[in-house]
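Open the model in your viewer and keep the sequence panel in view. This tour tells you what to select at each stop and what you will find there.

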Amino acid sequence: NIKLKFEHRLLRADLASQKLIFHSSEEAKEKEVAASFTFGCDGAFSTVRRQLMRWGRLDYSQEYIEHGYKELTMPPTEEGHYAMPCNYLHIWPRQEFMMIALPNQDKSFTLTLFMPFKVFERIETEEDLFF
């Protein structure tokens, strides 16, 4: 009995009356939804958490991790095949870096590079990639 809605941004949560107020970008209007139970999975700048903090006693702290990520794409080969075996989870760990590759149905790979923000910030030119 769960419904997933996309393109809806939570504006407010009336926890006492168990109502959530969303803005629907598809309909360009606010929508009120009854919710007897709410999971707050809305990220670092969570509206759910902000509403909980206003409602009652809540012990909260937030720390940001030192790493960020960048998604890259490995296209298929010129022949239209996967560029590497597709039946594996490809992981390349390197000290404080890591890259993973996951196959896509169009025979490309999505690569995700995890790296400290301080290293990302030092990259300004193509030559900086070869440190």
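**Before you start**

This is a predicted model: local features need pLDDT of at least 70, side-chain atom pairs count only at pLDDT 80 or more, and totals for chains, interfaces and linings use all residues. Residues are numbered from 1 along each chain as its sequence is written, and side-chain values use heavy atoms, with hydrogens and water left out.

**Stop 1: the four-stranded sheet**

Select β4, β7, β6 and β5. They form an open sheet of 4 strands in the order β4-β7-β6-β5, with antiparallel pairing. Helices (H or I, at least four residues) and strands (E, at least two) are DSSP runs, numbered from the N terminus. Two strands count as paired if DSSP finds at least two bridges between them. In general, strands of a sheet pair through backbone hydrogen bonds, either parallel or antiparallel.

Now colour the edges. These are β4 (67-74) and β5 (90-94), and each pairs on one side only. From one strand to the next, the twist averages 15°. Axes for such angles are lines fitted to C-alpha atoms, for helices over the stretch in contact, and angles run from 0 to 180 degrees between N-to-C directions.

**Stop 2: strand β7**

Select residues 109-116. This is β7, which pairs with β4 in the antiparallel sense over 8 bridges. Click G68: its bridge partner in β7 is M115. Then click K70, which stands opposite L113 in β7.

Turn to β6 (residues 97-103). It runs antiparallel to β7, and 6 bridges join the two. Which residue of β7 is the bridge partner of M99? It is L113.

How many residues of β7 are buried? The count is 6 of 8, so β7 is mostly covered. Here buried means under 20% relative accessible area, exposed over 50%, and partly exposed in between (1.4 Å probe, protein chains only).

**Stop 3: the β6-β7 hairpin**

Stay with these strands and select the loop. The hairpin has 5 residues between β6 and β7, and K107 takes a positive phi near 75°.

Next, pick S108, in the loop between β6 and β7. Is S108 buried or exposed? It is buried, with a relative accessible area of 5%. Show its side chain: it makes a polar contact of 2.5 Å with the side chain of D106. A polar contact is a pair of N or O atoms within 3.5 Å; within protein, one must be able to donate a hydrogen and the other to accept it, and residues adjacent in sequence count only if both atoms are side-chain atoms.

Now show the surroundings of S108. Leaving aside neighbours within four places in sequence, S108 is in contact (heavy atoms within 4.5 Å) with T73, M74, P75, P76, Y82, L102 and P103.

**Stop 4: the salt bridges**

The whole structure holds 4 salt bridges. Each is a side-chain nitrogen of Lys or Arg within 4 Å of a carboxyl oxygen of Asp or Glu.

Select R12 and E30. Their side chains meet in a salt bridge at 3.3 Å, N to O. R12 lies in strand β1 and E30 in strand β3 (residues 29-34), so the pair ties together parts that are 18 residues apart in sequence. R12 is partly exposed at 39% relative accessible area, and E30 is partly exposed at 46%.

Then select E27, K29 and K31, which are linked in a network of salt bridges. K29 meets E27 at 3.7 Å, N to O. K31 meets E27 at 3.3 Å, N to O. K29 is partly exposed at 45%, E27 is partly exposed at 39%, and K31 is partly exposed at 23%.

**Stop 5: helix α1**

Select residues 47-55. The buried residues of this helix, α1, are T47, V48 and Q51. They cover an arc of only 100° around the axis, which puts them on the same side of α1. The arc is that of the directions from the helix axis to the C-beta atoms. What do these buried residues pack against? Their partner is β1 (8-14).

At the start of α1, a side-chain oxygen of S46 reaches to within 3.3 Å of the backbone nitrogen of V48.

**Stop 6: S25**

Finish at S25, in the loop between β2 (19-24) and β3. S25 counts as partly exposed, at 41% relative accessibility.
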